[in-house]
Every structure is written in C-alpha cells, then in structure tokens.
Amino acid sequence: KLGMTFKKDEKFGEWYSEVIVNSEMLEYYDISGCYILRPWTMEIWELMKEFFEAEIKKMKVQPYYFPLFITEDVLQKEKDHVEGFAPEVAWVTKSGKSELEAPIAVRPTSETAIYPYFSKWIRSHRDLPWKCNQWCNIVRWEFSSPTPFIRSREFLWQEGHTAFATKEEADEEVLHILELYRRIYEEFLAVPVFKGRKSEMEKFAGGLYTTSVEAFVPNTGRGIQGATSHCLGQNFAKMFDIRFEDEKGKRSMVWQNSWAYSTRSIGVMVMTHGDDKGLVLPPKVAPIQVIVIPVPFRDADTVAIKGACDSTVYTLNQAGIRAELDARDNYSPGWKYSHWEMKGVPLRIEIGPRDLANNQVRIVRRDNGAKADIPSVDLVEHVRVLLDGIQDTLFETAKQKRDACIEVVNTWDEFVAALNDKKLILAPWCDEEEVEKDVKARTKGDLGAAKTLCTPFDQPYLAEGTMCFASGKPAKTWSFWGRSY
Ligand SMILES: O=C1CCCN[C@@H]1CCCn1cnc2cc(F)c(F)cc2c1=O
Ligand SMILES: [Mg+2]
C-alpha cells in the first residue's frame with residue numbers, strides 16, 4: 001500500500017499501526033495482543049542481537065535454552081515475586097481432550113525455571129561467576145490495551161541470569177549490562193534514554209534493586225522502560241538454596257543479577273523516528289541501508305543502466321554496506337521511491353541516462369529528503385559519510401525533541417500542569433514510597449496515573465532546603481515522573 005492515511009501528529013495510534021503494517025514489519029493476528037513479526041522486523045532484531053551477543057560473549061556469558069513450561073509448584077515457589085503477576089500467567093490445562101494432572105504455566109519470565117538448576121550446578125567458588133543467557137519468547141496475558149511491540153501477550157527478549165561470590169561483582173555487572181542497553185538504544189536505535197534506578201515501588205519485587213534505561217515518546221507524553229538490569233541480592237539464592245563453598249570451605253549464598261531487553265525496543269524506535277511518509281530506519285539497524293533504483297528513459301540504454309546499478313550494488317556490498325537493487329519491471333520508479341520510503345530505507349540511489357552519461361549517481365536521504373549527485377568513483381566514501389550523518393541526525397533530533405519535553409517542577413500545581421501538558425517531569429522527591437503511592441492515587445484517570453520512571457544517575461544539583469513537590473518534606477533526590485506505557 002502506498003502513502004499513509006494517518007498523520008503522526010494528528011492520530012498517533014492509528015499512524016503507528018499503519019506504519020508498522022505498511023512497512024511490512026508486522027501483521028495483525030486473530031488473537032488479541034499477538035502479532036506476526038515479518039522479515040523487516042526480524043532482520044532488525046537480528047542486527048541488535050549480533051551486537052549484544054558479541055558483547056556478552058566477551059563477558060563469558062554462555063547460551064542456554066530452558067523449557068517454555070513451568071509447573072505450578074515451581075512457579076509459585078517464590079510467593080511475592082509472582083503473586084502480583086498471577087493474573088498475567090497463561091496456563092496449559094489440557095492435552096487433546098484430557099485434562100492435565102496439574103496445570104502447567106507458560107513462562108512469563110524464567111527465574112523459577114532456571115534457579116533450581118543453579119542450585120544443582122553451582123557448588124564451589126570455582127563455579128563462579130556463573131553467567132547464563134537465553135533468547136526466547138515470553139508470554140504474559142496482559143489486560144491493558146495491547147500495542148504492537150510495546151505491550152503484547154507474547155514477545156521476544158533475551159534474559160540474562162548471573163551469579164557471583166560477592167555483591168561488588170554483581171553491582172559492577174548490573175551497570176555494565178545497563179551500559180550495553182544504553183548503547184543498543186542510543187547507538188543502534190538512535191533513541192535517547194536516561195539511565196537510572198527504579199523506586200522501591202517500581203522495582204522488581206523479587207530483587208534488591210532495579211536499574212533501567214528509560215525512553216520517552218513525545219507524541220503521547222509517555223515514558224517507557226527500555227530495558228532493565230536488576231541486582232537480585234541473595235533473595236533468590238535463599239529461596240532456591242543456591243550456595244557455594246568458598247576457598248576456606250565455608251558455604252555462602254551467591255549474589256545474583258538478571259537483565260533483559262525485548263522486541264519492545266523496536267516499537268520505541270518506530271515511534272521515535274517514523275514520519276508521515278512511514279518508517280525511518282537508523283542505518284545501524286536498517287536491513288537495507290541503500291536501495292538502488294534504475295530510472296530507464298524511453299530510448300535510453302536500459303542495459304547500460306542496469307549494468308551501472310548492478311556494479312553500484314556490488315561495490316557497496318563489497319564495502320560492507322547493505323545495498324539492494326530494485327529492478328522489478330512491473331513497478332515504476334515513482335512507485336519504488338514511495339515503497340522504500342515507507343519501509344524507511346535510509347538512502348536511495350537513482351541511476352538514469354543523465355547519471356550514466358556523467359558517471360555519477362543521484363542519492364536521496366530518507367530522513368530529510370536531501371538529494372545529491374555523487375561521482376561514482378567516490379561512491380563508497382560518500383555513502384558511509386551519509387549513513388553516519390543520518391544515524392547522528394536521527395539521534396540528535398530525537399534527543400532535542402525529548403529534552404524539549406522535560407519540565408522541571410517544584411510544586412504540585414506545576415506537576416499537574418506539566419502532566420497534562422504531556423511533559424517528562426523532573427521533580428525533587430522525598431523518596432518515600434507512601435508519597436509515590438499518593439501521587440498515583442491523586443493522578444488516577446483514563447490516561448493512567450503518574451508514576452516514577454526512574455531516579456536518574458545523572459543528578460542535577462539539589463539545593464539545601466529543596467522541598468518534595470508532593471509532600472513538602474525535604475527532598476532527597478531528583479526523579480523523573482510521568483505517565484507511562
Ligand atoms: O525483568 C527481568 C529481567 C529478566 C528476568 N526477569 C526479570 C524480572 C521479571 C519481573 N516480572 C515481570 N513480569 C512477570 C509476569 C508474570 F506473569 C510473572 F509470573 C512474573 C513476572 C516477573 O517476575
Ligand atoms: Mg508487566
């Protein structure tokens with residue numbers, strides 16, 4: 001389908017749905033909250049995975065695959081970690097016509113599937129640090145309105161689960177992984193994020209503390225958790241009896257972390273960069289970075305043009321640039337321009353008789369529409385510079401837009417006004433959970449309540465005597481607040 005019906009700044013929800021379908025990323029499915037991920041998505045997912053997998057391999061993280069199914073007893077093992085989530089768990093109760101002895105859960109996360117085996121495998125300090133990661137699908141029967149990529153009943157993620165002899169080692173890894181997540185968002189998806197710590201209320205209940213990278217969607221004024229890196233402390237070691245014998249023969253509980261990012265990241269990228277012509281892909285995650293299109297003229301030498309296109313694609317591929325040729329004779333050049341713009345391909349190269357005669361190509365940027373005639377001899381260098389330029393421009397533009405949404409507030413009235421103004425709020429907070437609960441209660445509404453998004457590691461100066469915006473008590477920290485996905 002060519003051309004968009006909806007505009008990003010007018011009907012964001014409809015625009016988003018149209019972009020991901022028209023760009024052939026995703027197809028709707030007959031089960032609510034479930035979606036078909038098509039090659040254009042899977043190739044983006046694989047490009048991110050290539051980076052992340054290489055980085056965790058440097059950390060000696062080993063690949064595993066644990067079963068999709070978890071017995072009821074095992075899942076219930078950790079009460080307070082699962083209890084709040086119980087409504088989201090999907091259960092298998094039958095096979096064919098016969099009832100199962102006991103219902104079996106489909107994994108909503110894999111702690112309870114994995115940790116009994118950590119208990120069995122980890123015996124000595126020589127087994128530590130233990131580092132495990134799996135790439136898999138997860139099922140959570142969410143009830144709030146589903147949004148493709150952002151909130152679905154099944155999604156793909158990686159989940160890392162590690163164990164250490166000391167807290168120091170665990171703390172260090174939490175931040176190392178969080179930096180990888182920042183890089184995935186900022187260096188690959190060109191999406192600006194804040195690193196920070198979740199509040200006691202928002203953290204993973206089963207853990208000691210949670211860190212996250214937080215993104216923001218200006219169009220909806222909602223924050224969104226991009227990825228999480230938790231320190232679990234020794235909570236799960238206690239529950240699952242995961243102990244090791246140290247050098248002196250003393251048995252101690254391990255210190256654990258768990259960390260994940262998911263296909264949600266792809267949805268955030270679409271929302272951030274897409275425009276009214278469709279998807280806009282950052283080159284680092286573009287399955288096709290350059291599409292080459294022959295522009296034949298009635299009596300022009302179509303064979304020579306095709307030859308020039310082939311050699312252009314070949315030269316770019318040899319240079320490690322993902323280039324493809326669209327020589328389909330059943331579509332016009334104009335149709336192809338719109339089609340590949342809809343799919344968000346960063347650069348288009350047009351080669352027609354004039355280009356051939358002047359031994360040049362015409363290059364068009366997807367992000368800003370700029371056109372340039374480039375001598376074929378300097379092609380690779382120019383394309384590399386252009387791709388890097390697009391990557392940087394997308395990030396800087398997104399960062400500028402996100403920063404323009406930040407509102408520093410000091411009073412409740414300013415907070416409410418900023419919230420209704422779809423702002424990302426930075427406010428001084430007394431860091432008390434009761435106050436956080438109170439803010440949630442006072443901002444309940446059909447758009448959802450305000451909550452803390454994170455306490456950013458990068459703290460602005462907090463002047464002596466600054467009061468909490470909500471309680472009037474002495475503020476202890478600056479925190480980001482807002483509505484969220
Ligand atoms: O966020 C991560 C990183 C990867 C491993 N897991 C942690 C914590 C997941 C928190 N969480 C999140 N959602 C859940 C949904 C459920 F239905 C359920 F039974 C349990 C959970 C649940 O534990
Ligand atoms: Mg959830």
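These legends accompany close-up views of a predicted model.

**Figure 1**
The side chain of Thr109 places an N or O atom 2.8 Å from a nitrogen atom of ligand 1. Arg140 has a polar side-chain atom 3.4 Å from a nitrogen atom of the ligand.

**Figure 1. The shell of residues around ligand 1**.
There are 18 residues around the ligand, and those that come nearest are His81, Phe85, Thr109, Glu111 and His230. The shell is made up of 8 nonpolar, 6 polar and 4 charged residues. Two or more shell residues come from each of helix 4 (79-82), strand 8 (154-164), strand 11 (222-233) and strand 14 (255-262).

**Figure 2. The largest cavity and its lining**.
Rolling a probe the size of a water molecule over the atoms shows where empty space is left. The count is 1 cavity of 30 Å³ or more. The volume of the largest cavity is about 40 Å³. Its lining consists of Phe194, Glu214, Ala215, Phe216, Gly223, Leu424, Leu453 and Phe480. Strand 10 (residues 209-217) supplies the largest share of this lining, 3 residues. By class, 6 of the lining residues are nonpolar, 1 is polar and 1 is charged.

**Figure 3. The second largest pocket**.
This pocket has a volume of about 250 Å³. Its lining comprises 14 residues, and Pro283, Lys284, Gln289, Gly320 and Arg322 are the ones nearest its centre. Helix 2 (39-58) and helix 12 (379-404) are the elements that give two or more residues to the lining. Helix 12 contributes the most, with 4 residues. The lining of the second largest pocket divides into 6 nonpolar, 3 polar and 5 charged residues.

**Figure 4. Gln256 and its contact with the backbone at Ala237**.
Gln256 belongs to strand 14, one of the elements that give two or more residues to the shell around ligand 1. Gln256 counts as buried because its relative accessibility is 0%, against a cut-off of under 20%. Its side chain reaches the backbone nitrogen of Ala237 at a distance of 3.2 Å.

**Figure 5. The cis peptide bond between Leu128 and Pro129**.
Most residues other than glycine have a negative phi, and most peptide bonds are trans. The bond joining Leu128 and Pro129 is cis, with omega about -5°. Pro129 sits in the loop between helix 5 (111-121) and strand 7 (130-139), and Leu128 lies in the loop between helix 5 and strand 7 as well. Leu128 has a relative accessibility of 14% and therefore counts as buried, the cut-off being under 20%. Leu128 and Phe164 are separated by 36 residues in sequence, while their C-alpha atoms are 5.7 Å apart in space.

**Figure 6. Positive phi at Ala190 and Asn359**.
The phi angle of Ala190 is near 60°, a positive value in a residue other than glycine. Ala190 is located in the loop between helix 6 (167-188) and strand 9 (194-197). With a relative accessible area of 0%, Ala190 is buried. Asn359, also a residue other than glycine, has a positive phi near 50°. Asn359 occurs in the loop between helix 11 (353-357) and strand 18 (360-365).

**Figure 7. Gly233 and Met253**.
Gly233 is part of strand 11, an element that gives two or more residues to the shell around ligand 1. The relative accessibility of Gly233 is 1%, so this residue counts as buried. Between Gly233 and Met253 the separation is 20 residues in sequence and 9.6 Å in space, C-alpha to C-alpha.

Note on methods
Residues are numbered from 1 along each chain as its sequence is written. Chains are lettered from A and ligands numbered from 1 in the order in which they are written. This is a predicted model: local features need pLDDT of at least 70, side-chain atom pairs count only at pLDDT 80 or more; totals for chains, interfaces and linings use all residues. Side-chain values use heavy atoms; hydrogens and water are left out. A residue is near a molecule or strand if one of its heavy atoms lies within 4 Å of it. A polar contact is a pair of N or O atoms within 3.5 Å; within protein, one must be able to donate a hydrogen and the other to accept it, and residues adjacent in sequence count only if both atoms are side-chain atoms. Ala, Val, Leu, Ile, Met, Phe, Trp, Tyr, Cys and Pro count as nonpolar, Asp, Glu, Lys and Arg as charged, and the others, Gly among them, as polar. On a 1 Å grid over the protein atoms alone, a cavity is a set of points where a 1.4 Å probe fits but cannot get out, and a pocket is an open set with protein on both sides within 12 Å along at least five of seven lines; lining residues have an atom within 4 Å of a point. Grid points are joined across faces, edges and corners, and a volume is the space filled by probe spheres set on the points. Buried means under 20% relative accessible area, exposed over 50%, partly exposed in between (1.4 Å probe, protein chains only).
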